[in-house]
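Subject: Structure handover

Hello,

Here is the structure I said I would pass on. My notes on it follow below.

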Amino acid sequence: MLTLTNAVAIVGEVDGAERQGDLVLPSTAEETIDVGDCVVTPGLVNAHHHLLQSAFRTLPGTRGVAMSAWLPTMAAAYGRAGHDPEMYGLAASVGVAEGLLCGVTTVADHHLNWPHDASADATVELAAATTSAAREVGQRLVFVRGSARDDAARAAASAEAILAALLPGAPGGVSADGMLQLAVGPAGVHSDGRETFAALREVALRHGLRRRTQANEQVDTAIALEHYGRRPLDLLEEWGWLEPGVTIAHLCDVTEAEIARLAAAGVSATHAPGCDVPMGWGVAPVAALLAAGIATGLGTSGGGSNDAGHLLADARLAMQVSGLVGPQLPARTVLGMATAGSAAGLGRSDLGHLGPGTAGDACVWDVGGVADAGIADPVAGLLWGSPGRRPRHVIVGGRVVVHDYRLTTIDEQELVARLRERLRRTPVA
Ligand SMILES: [Zn+2]
């Protein structure tokens, strides 16, 4: 058992009440950590990332541009770097390590960029490079077999092969220890057609997998109107993707009537302001989504649009920009999105909460320094105060993976050196 003692506040327990004192987490080790001056929260759940992009941040030609220019610029950079297991593994290691240091204990990696001629076996190798990176660093991973203009049959065969190789017989595509989950989903109606949505839907229904896609960033809406004369959600509904088990990221340009349709369909949502705001793609009306009863999580999206995988920083941003598109979101609401809200979209009631029946993922945030002095409400202060705040300790499944702000699982500097060396061999810009 791992016991955290003397917390200033413990939030996110299954019963919902906030309290002070001690928290016991299931663990194979017997350990007690004094967390006086600290707030304890559930581990954060980043519901939308593209881990590969962690190796492709701040690239020339990717800022202040339309998505139609951004997509080919990014794709060309991936091509120059090379689609191979080493590249995928290093990019994923950097992304998950950065996330853990920021309190993210679970990440959903929507992997969209596959070499188009790759065999199903080759895609298994690429996926395995990503999943073993997450396992080595110690973060839970939801690997989303995505698609961006892939051949529909190839995408479906690849998803089947990844499931068979990496999660054989796993119910709902979740490993017995809960560290790995498989989901599927095309990038969006701007890139993939009816056949790909149908093929991946079929794989998901056959195996009970969650489905994830992206919709209603402004360019997505523009392309849907131009190609089909319809709005993205009209197409998703017709293609069988407004159904329970589907989570849609972004949803910036969404009308009141569309929000009602999403709610009635039982779809969940992911807000990604750390991508949408700097790229100028819009701000999702989160208060309206929540008021309609839509489970809404929080994601960073990838390094090509959001150069950091810092979910708490994006929670702060979500709060700050919410007042521009509706009533301002309270800090506890946004913290709930970054934990339980994201977990709901992944179908994981074991994540995003603390207490009985949960997986034992927690963050310990030190609020004893000057950045928090004079803050009346230390829980609200987690988001409002101290921009860039990182957790002192991070626990995944009762195991301390970040201790005193440092990873216990891998050597951070060695990982940085390995990615740098790889990028020197195949420059991306
Ligand atoms: Zn995205």
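**Aromatic pairs**

The count of aromatic pairs comes to six by the rule used. One of them joins Trp-70 and Trp-281 in an edge-to-face arrangement, with 5.8 Å from centre to centre and 85 degrees between the planes. This pair links distant parts of the chain, 211 residues apart. Trp-70 belongs to helix α1 (residues 67-81), while Trp-281 sits in the loop between α9 (273-279) and α10 (286-291). Please keep in mind that the model is predicted.

**Two domains**

The protein chain is divided into two domains: domain 1 takes in 2-43 + 358-407, and domain 2 covers 44-345. Their C-alpha centres are 27 Å apart.

How many residues of each domain are in contact with the other? On the side of domain 1 there are 31, and they meet 24 residues of domain 2. Between them the domains bury about 2,200 Å², with 66% of that on carbon and sulfur atoms. Within domain 1, the residues that lose the most area to domain 2 are Leu-383, Trp-384 and Leu-407, which together make up 31% of what that side buries.

There are also polar links between the domains. Eight residue pairs are in polar contact between domain 1 and domain 2, counting pairs with both residues at pLDDT 80 or more. Which parts of domain 1 each supply at least two residues of the side that touches domain 2? They are the strands β4 (38-42), β13 (362-366), β14 (393-396), β15 (399-403) and β16 (406-407), together with helix α13 (378-384). Of these, α13 gives the most, with five residues. Sorted by class, this side of domain 1 has 19 nonpolar, five polar and seven charged residues.

**Salt bridges**

Side chains of opposite charge can pair when their charged atoms come close. The structure holds 26 salt bridges, and three are found across the interface of domain 1 and domain 2.

Arg-194 forms a salt bridge with Glu-238, and their closest N and O atoms are 2.6 Å apart. Here too the pair links distant parts of the chain: Arg-194 is in helix α5 (residues 194-207) and Glu-238 is in helix α7 (residues 232-238), 44 residues apart. The other example is the salt bridge of Arg-332 with Asp-377, where the closest N and O atoms are 2.9 Å apart.

Regards

Key: Residues numbered from 1 in each chain as written. Predicted model: local features only at pLDDT ≥ 70, side-chain atom pairs only at ≥ 80, totals over all residues. Heavy atoms only, no water. Domains from an automatic or database assignment. Contact = heavy atoms within 4.5 Å. Buried area = accessible area lost by both parts, 1.4 Å probe. Salt bridge = Lys/Arg side-chain N within 4 Å of Asp/Glu carboxyl O. Polar contact = N/O pair within 3.5 Å; in protein donor to acceptor, adjacent residues only side chain to side chain. Helix = DSSP H or I, 4+ residues; strand = E, 2+ residues; numbered from the N terminus. Nonpolar A, V, L, I, M, F, W, Y, C, P; charged D, E, K, R; others polar. Phe/Tyr/Trp six-rings, centres within 6.5 Å; stacked < 30°, edge-to-face > 60°.
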